[in-house]
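Subject: Structure handover

Hi,

Here is the structure for you to look over. My notes follow below it.

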Amino acid sequence: MTRKWTADVMIIDDDPITRTLVTKYMETENRVSVIHATEGHSAIKYAKKHKPDLILLDWRLPGIQGIDILVELKKIKKTQNIPVVMLTSKNKVQDMERAFSHGAENFIAKPFTGMELKRKIFENLPNVVLSKQ
């Protein structure tokens with residue numbers, strides 16, 4: 001297993017407040033950079049080319065919905081192993097089950113705390129060494 005010392009986390013969310021919060025919460029982690037995307041088609045292209053270490057994905061997006069992006073990412077050989085964490089206000093049990101059945105690794109309901117966000121991101125980055133040494 002190859003270990004890395006940094007992580008690229010991509011957030012796909014059309015809400016600028018959510019993108020800003022994620023960036024603010026994660027900027028205290030020196031080894032994590034946050035990449036922003038606001039819609040699905042360009043996000044899929046970026047993920048195929050750059051293969052981020054983890055994707056935070058909103059369900060409700062303009063155009064293609066987050067669940068459809070998840071399905072597409074899991075079909076593509078270059079992106080199928082990227083952990084996807086749903087970050088959404090759709091927080092009913094059926095929504096979570098649907099996301100997990102399509103390959104989401106984890107689920108964060110909005111609103112969220114910085115501690116919850118970091119914990120779920122770190123849980124899903126098994127090949128990245130994030131602790132400060």
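Start with a simple pair. Lys24 and Glu27 form a salt bridge through their side chains, at 4.0 Å from N to O. Keep in mind throughout that this is a predicted model. The count of salt bridges comes to seven.

**The salt-bridge network**

Which residues are linked in a network of salt bridges? They are Asp13, Asp58 and Lys110.

Take Asp13 and Lys110 first. They form a salt bridge, with the closest N and O atoms 2.8 Å apart. The pair joins distant parts of the chain, 97 residues apart. Asp13 sits in the loop between β1 (7-12) and α1 (16-26). Lys110 sits in the loop between β5 (106-109) and α5 (114-123).

Now Asp58 and Lys110. Their side chains also meet in a salt bridge, at 3.6 Å from N to O. Asp58 lies in the loop between β3 (54-57) and α3 (66-75), and Lys110 in the loop between β5 and α5, so this pair ties together parts that are 52 residues apart in sequence.

Are these residues buried or exposed? The cut-off for buried is under 20% relative accessible area. Asp13 has 0% relative accessibility, so Asp13 counts as buried. Asp58 is at 6%, so Asp58 counts as buried too. Lys110 is at 18% and therefore also counts as buried.

**Packing of α2 and α3**

The other item is a helix pair. Two packed helices are described by the angle between their axes and the distance between the axes. Helix α2 (residues 40-50) packs against α3 at an angle of about 25 degrees, and the axes are 11 Å apart. Angles under 35 degrees count as roughly parallel, so α2 is roughly parallel to α3. The crossing of the two helices is right-handed.

Which residues make the contact? From α2 they are Gly40, Ile44 and Ala47. From α3 they are Ile69, Glu72 and Leu73. By class, the contact of α2 with α3 has four nonpolar residues, one polar and one charged.

**Where to look**

For a quick check on screen, go to Lys110 and its salt bridges with Asp13 and Asp58. Then turn to the contact between α2 and α3.

Best wishes

Terms used: Residues are numbered from 1 along each chain as its sequence is written. This is a predicted model: local features need pLDDT of at least 70, side-chain atom pairs count only at pLDDT 80 or more; totals for chains, interfaces and linings use all residues. Side-chain values use heavy atoms; hydrogens and water are left out. Helices (H or I, at least four residues) and strands (E, at least two) are DSSP runs, numbered from the N terminus. Buried means under 20% relative accessible area, exposed over 50%, partly exposed in between (1.4 Å probe, protein chains only). Axes are lines fitted to C-alpha atoms, for helices over the stretch in contact, and angles run from 0 to 180 degrees between N-to-C directions. Angles under 35 degrees count as roughly parallel, over 145 as roughly antiparallel, 65 to 115 as roughly perpendicular and the rest as oblique. A crossing is left-handed if the near helix is turned anticlockwise from the far one by less than a right angle, and right-handed if clockwise. Contact means heavy atoms within 4.5 Å. Ala, Val, Leu, Ile, Met, Phe, Trp, Tyr, Cys and Pro count as nonpolar, Asp, Glu, Lys and Arg as charged, and the others, Gly among them, as polar.
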